[in-house]
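Visitor: Hi! Could you walk me through this structure in simple words?
Guide: Happy to, let's have a look together.

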Amino acid sequence: MQRRQFLATAPLVGAAATLGGLPSLARAASHSGGGSAQVPAYQRFAVGDMTVTCLGDGSLHIGPDSLIGIEADAYTELMRAQFRDPETYPTSVNAFAIQRGDETILVDAGTADAMGPGLGRLPRSLEAAGIDPASVTRLLATHLHPDHVAGALSGQDAMFPNAELVVSETDRAFWSDEGNFSGAPEMMQNFANLARSVLSAYSDRLVTFSGEEDIGSGITSMPLPGHTPGHSGYMLSSGDDSLLIWADIVHVPPVQFARPDVAIGFDVDPEQAVETRQRTMDMVATDRLQVAGSHIGFPGVVNVEAAEDGYRMIPAVYHYDV
């Protein structure tokens, strides 16, 4: 990705978030429904001999002004076709824990207090699921955006004191290079500063990978570039079972399953993000592969099928016993 392409995209992020830094993003993006929080959100299921726990961090509203390639009327039509309120639709923010043998692996860490009162609930979800942050052995970051790694920090220290931080070398290099953000909007500067703070907090136990790589414990990294240069999914395989944690392939499911050509202002390379989304959806639909998404309504686990010019998501069966 060329730097000028990133700088051309970055103002869309500022527009989508109604200007400024993370506090402005929080006010613009928080779900406006109000009320008290639900019970802590966690749900377990098995992938072979792995136990996967879906963990809710909360939700935020992403309106049509934050998207690229769709008008407000079309956004509203797609929302209403899915029986969703276009004014308040809550985009979920999910993380996933993987337990296998003596390992407790966390995929992403939520938002902490970086993005408003509707988010930052991962710690209570972990507590309800009986997962102590000190027991986490590895933290796999799908990418270094604040809704995925802000929760990796407690102040400036590591929230998960015994965990390795595992991240794509491409993403590490992109967010670490201050030259990539020269002239970028304040919010993107804040995104980069947060990413560097997370990398610094885990610097003595930072592990990077490149492309598609076996990272152990039955997990393979899968490059899914576009949303960020090193945006990655994680393929879990055990026996005959598999699950792809595909991170930010979609942000607004009622829109982007039907219209995979729609990008979001937070994509570093929107054209590449669209190509990656279309390719990935085609793959998982063809292979009938179950996926877990960071922004699919909790618990975030679905199958995907081709439908008309786009795709349709089929929610996973609830697992009564694990």
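Guide: One term to start with: a residue counts as buried when its relative accessible area is under 20%. Also, keep in mind that this is a predicted model.

Visitor: Okay! So how much of strand 14 is buried?
Guide: Five of its seven residues, 241-247, are buried, so strand 14 is largely enclosed by the rest of the structure.

Visitor: Which strands does strand 14 pair with?
Guide: Strand 13, residues 232-238, runs antiparallel to strand 14, and five bridges join them. Strand 14 also pairs with strand 16, residues 291-293, in the parallel sense over three bridges. There, I245 stands opposite A292 of strand 16.

Visitor: And what do strands 13 and 14 form?
Guide: They make a hairpin with two residues between them. In that turn, G239 has a positive phi of about 60°. S238 has D241 in strand 14 as its bridge partner.

Visitor: What's the strand order in the open sheet?
Guide: The seven strands go 11-12-13-14-16-17-18, with mixed pairing. Strand 11 (214-216) and strand 18 (310-315) are the edge strands, each pairing on one side only. On average, neighbouring strands are turned by 35° against each other, direction ignored.

Visitor: Which helix lies across strand 14?
Guide: That's helix 9, running at about 160° to strand 14. Helix 9 also lies across other strands, including strand 12 and strand 17.

Visitor: New topic: is G265 buried or exposed?
Guide: G265 is buried, with a relative accessible area of 1%. You'll find G265 in the loop between strand 15 and helix 9.

Visitor: How far apart are G265 and I68?
Guide: They are 197 residues apart in sequence, but 6.4 Å apart in space, C-alpha to C-alpha.

Definitions and conventions:
Residues numbered from 1 in each chain as written. Predicted model: local features only at pLDDT ≥ 70, side-chain atom pairs only at ≥ 80, totals over all residues. Heavy atoms only, no water. Buried < 20%, exposed > 50% of the residue type's maximum accessible area, 1.4 Å probe, protein only. Helix = DSSP H or I, 4+ residues; strand = E, 2+ residues; numbered from the N terminus. Pairing = 2+ DSSP bridges. Axes fitted to C-alpha atoms, helices over the stretch in contact; angles between N-to-C directions. Contact = heavy atoms within 4.5 Å.
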